[in-house]
Amino acid sequence: LASFVSRASFLTPQLGIQVVQYLTTFVLNIQEDAERHAAAANLEHPKLQLFFAGVQSIAYILCFRLGCFMEDSEAKGELCNLLTPWGTKRSEADEAFTTVLESSIMPGAYIHPNVAQQLCRTLQQHFPGIASQCRECIRKAPRRPAAETEEGQGDKDLEMCFPFDPYRLAN
């Protein structure tokens, strides 16, 4: 879904931001359970893995569509609701993706490093405070053991699903 929304130039910014909103709502709905599993060091639990996949999907869409969201006044307003300033109380930003990034899990460190780094670079222009805090969380967070990919294929499989090569994105 993230790859499709990122590639589909025929999707309006309003439709693209709606997908980000839906994914953010989904991730927020499972965040508490994901945090509980992470605190118990149960990193393989399906809800935690689904949480990470959701965060990565949102990040990926933002990497490629943030610019067009910012150019459309309606989408920009929705984006600003999703990307509230770091530290905003959850009661004031209950549907914000920033709340997810601020999680005690530090999900930016558990998604693919290329996606996390690109998200920080993409956020820098319009949301420098979030970009800076996101980089800091990624730097401080514990990492998954590198041996978690099956026979070293995990990174290759992920690159096929989440290519950052503009040529592949265009095709």
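Predicted model: local features only at pLDDT ≥ 70, side-chain atom pairs only at ≥ 80, totals over all residues.
Me: How many helices and strands are in the protein chain?
Reply: The protein chain has nine helices and zero strands. Helices (H or I, at least four residues) and strands (E, at least two) are DSSP runs, numbered from the N terminus.

Me: What share of the residues is buried?
Reply: Of the 171 residues in the protein chain, 44% are buried. Buried means under 20% relative accessible area, exposed means over 50%, and partly exposed lies in between, with a 1.4 Å probe and protein chains only.

Me: And of the contacts between residues at least 6 apart in sequence, what percentage join residues at least 24 apart?
Reply: The figure is 69%. Contact means heavy atoms within 4.5 Å.

Me: On to packing. How do α2 and α4 cross?
Reply: The axes of α2 (residues 13–39) and α4 (residues 73–82) come within 9 Å and cross at roughly 20 degrees. The two helices are therefore roughly parallel to each other, and their crossing is left-handed. Axes are lines fitted to C-alpha atoms, for helices over the stretch in contact, and angles run from 0 to 180 degrees between N-to-C directions. Angles under 35 degrees count as roughly parallel, over 145 as roughly antiparallel, 65 to 115 as roughly perpendicular and the rest as oblique. A crossing is left-handed if the near helix is turned anticlockwise from the far one by less than a right angle, and right-handed if clockwise.

Me: Which residues make that contact between α2 and α4?
Reply: From α2 there are Pro 13, Gln 14, Ile 17, Val 20, Gln 21 and Thr 24, and from α4 there are Glu 74, Ala 75, Glu 78, Leu 79 and Leu 82. By class, this contact has six nonpolar, three polar and two charged residues. Here Ala, Val, Leu, Ile, Met, Phe, Trp, Tyr, Cys and Pro count as nonpolar, Asp, Glu, Lys and Arg as charged, and the others, Gly among them, as polar.

Me: How about α3 and α4, at what angle do they pack?
Reply: The angle is about 125 degrees, with the axes 6 Å apart. That makes α3 oblique to α4. The α3 side consists of Leu 62, Leu 66, Phe 69, Met 70 and Glu 71, and the α4 side of Ser 73, Ala 75, Lys 76 and Leu 79.

Me: Leu 66, buried or exposed?
Reply: Leu 66 is buried, with a relative accessible area of 2%. Leaving aside neighbours within four places in sequence, Leu 66 is in contact with residues including Leu 79, Leu 83, Thr 122 and Leu 123. Leu 66 and Leu 119 are 53 residues apart in sequence, and 9.6 Å apart in space from C-alpha to C-alpha.

Me: Which residues of α6 are buried, then?
Reply: They are Val 115, Ala 116, Leu 119, Cys 120, Thr 122 and Leu 123. These buried residues pack against α3 and α7 (128–140).

Me: And Thr 99, where is that?
Reply: Thr 99 is in helix α5 and counts as buried at 9% relative accessibility. Beyond neighbours within four places in sequence, Thr 99 is in contact with Leu 28, Gln 31, Arg 90 and Ala 93.

Me: Changing topic: how many aromatic pairs are there?
Reply: There are four aromatic pairs. In the pair of Phe 4 and Phe 10, the ring centres are 6.0 Å apart and the planes are at 65 degrees, so the pair is edge-to-face. Rings of Phe, Tyr and Trp (its six-membered ring) pair if their centres lie within 6.5 Å; planes under 30 degrees apart count as stacked, over 60 as edge-to-face and the rest as tilted. Phe 4 is partly exposed at 47% relative accessible area, whereas Phe 10 is exposed at 62%.

Me: Which residues form the aromatic cluster?
Reply: Phe 51, Phe 52 and Tyr 110 form one aromatic cluster.

Me: Last one: what is phi of Ala 41?
Reply: Phi of Ala 41 is near 60 degrees, a positive value in a residue other than glycine. Ala 41 is found in the loop between α2 and α3 (46–71) and counts as exposed at 63% relative accessibility. Met 106, also not a glycine, has a positive phi of about 55 degrees.

Notes: Residues numbered from 1 in each chain as written. Heavy atoms only, no water.
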